[in-house]
Amino acid sequence: MDKFLVKRPSPGKNKQEPLEMTGGGLDCMRDGGEKKRPRSEMPGADESLVHSPWTQIRAEGLNCDYKILFGKTEADKIFQELEKEVEYFEGDLTKVQVFGKWHNIPRKQVTYGDPELTYTYSGVTFSPKLWIPVLNRIRERITLATGHTFNFVLINRYKDGCDHIGEHRDDERELVPRSPIASVSFGACRDFFFRHGASRGKNASCHIEPVKLQLAHGSLLMMNYPTNVYWYHSLPTRKKVLAPRINLTFRKVMALPKK
């Protein structure tokens with residue numbers, strides 16, 4: 001199992017260059033792309049990498065695990081199914097509230113999950129659409145690879161490098177405490193950043209290097225506790241990227257009592 005340790009910069013170092021994780025499949029290349037891959041015993045899992053090795057990503061309060069979950073052929077097929085079958089939100093559900101002002105979301109977004117659940121962030125409460133077969137297949141594969149179960153997924157579609165998401169933490173009160181979040185990516189490879197909360201802004205209390213990942217087509221990133229307590233993550237604008245990307249973050253959500 002590959003393991004990366006992120007070291008804090010030496011005292012007095014002010015420049016925060018992101019530590020790039022490109023080993024063990026964390027870059028856009030899929031280990032050469034043409035190598036034969038082990039197959040899963042799961043029916044229909046073409047070129048599955050359920051049993052491929054994990055790469056550990058560790059820093060102060062950062063606990064993530066990464067692997068290629070779907071081989072290229074299967075990932076291509078799933079991407080096309082998602083493009084055809086996922087129905088994204090429209091109208092008021094395409095806006096979020098930031099510092100008291102409403103803004104259009106710079107990407108397409110939708111939630112799917114168990115019917116009794118809701119999920120609230122940035123001033124908007126989302127009720128999930130019912131599960132569809134392609135999402136159930138992805139969810140089952142994650143469970144097979146990790147042992148974790150999930151009852152909710154947030155899907156973000158980035159049409160190109162102009163679509164993005166700002167720095168945030170997934171720490172909503174509906175999330176089951178200490179539960180992991182499983183992030184699966186299909187389509188274009190985009191830069192993905194982690195930044196420690198204490199290192200953000202002009203009045204940062206310390207200087208911890210940000211971590212830059214490039215998540216491959218068909219990959220799985222497990223964000224384990226306590227990552228979302230201490231680290232913010234983002235997908236910044238990359239105008240040179242012309243192809244779409246679909247990211248699915250599977251979560252374990254509690255049904256909260258209605259007010």
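Predicted model: local features only at pLDDT ≥ 70, side-chain atom pairs only at ≥ 80, totals over all residues.
R107 is placed in the loop between strand 6 (101–104) and strand 7 (108–113). Although R107 is buried, it has no salt bridge, and the nearest side chain of opposite charge, that of D163, is 8.0 Å away.

Leaving aside residues up to four places away in sequence, R107 touches N156, R157, Y158, D163, H164 and I165.

## Helix 2 and its buried side

Helix 2, which comprises the 14 residues 133–146, reaches 20 Å from its first C-alpha to its last, close to the 20 Å expected at 1.5 Å a residue. Its buried residues are V134, L135, I138, R139, R141, I142 and A145. Because these residues cover an arc of only 160° around the axis, they fall on the same side of helix 2. Just after the helix, G147 adopts a positive phi of about 85°.

## A182 in strand 12

A182 belongs to strand 12 (residues 181–187) and, with a relative accessibility of 0%, counts as buried. Its C-alpha atom is separated by 4.7 Å from that of M222, a residue 40 positions apart from A182 along the chain. When residues up to four places away in sequence are not counted, A182 touches I142, F150, L220, L221, M222, L248, T249 and F250; I142 is also among the buried residues of helix 2.

## Salt bridges

The model contains twelve salt bridges. One of them joins the side chains of E81 and R137 at 2.6 Å, N to O; since E81 lies in helix 1 (residues 72–85) and R137 in helix 2, this pair ties together parts that are 56 residues apart in sequence. E81 is buried, at 15% relative accessible area, whereas R137 is partly exposed, at 36%.

A second example is the pair R238 and D191, whose side chains meet at 2.8 Å, N to O. This pair links distant parts of the chain, 47 residues apart, with R238 in the loop between strand 16 (231–235) and strand 17 (245–251) and D191 in strand 13 (residues 191–196). R238 is partly exposed at 29% relative accessible area, while D191, at 10% relative accessibility, counts as buried. In the salt bridge between D171 and R169, the closest N and O atoms are 3.5 Å apart, and E167, R195 and R200 are linked in a network of salt bridges.

Note on methods. Residues numbered from 1 in each chain as written. Heavy atoms only, no water. Helix = DSSP H or I, 4+ residues; strand = E, 2+ residues; numbered from the N terminus. Buried < 20%, exposed > 50% of the residue type's maximum accessible area, 1.4 Å probe, protein only. Lys, Arg positive; Asp, Glu negative; His and termini not counted. Salt bridge = Lys/Arg side-chain N within 4 Å of Asp/Glu carboxyl O. Contact = heavy atoms within 4.5 Å. Expected span 1.5 Å × (residues − 1). Arc of directions from axis to C-beta.
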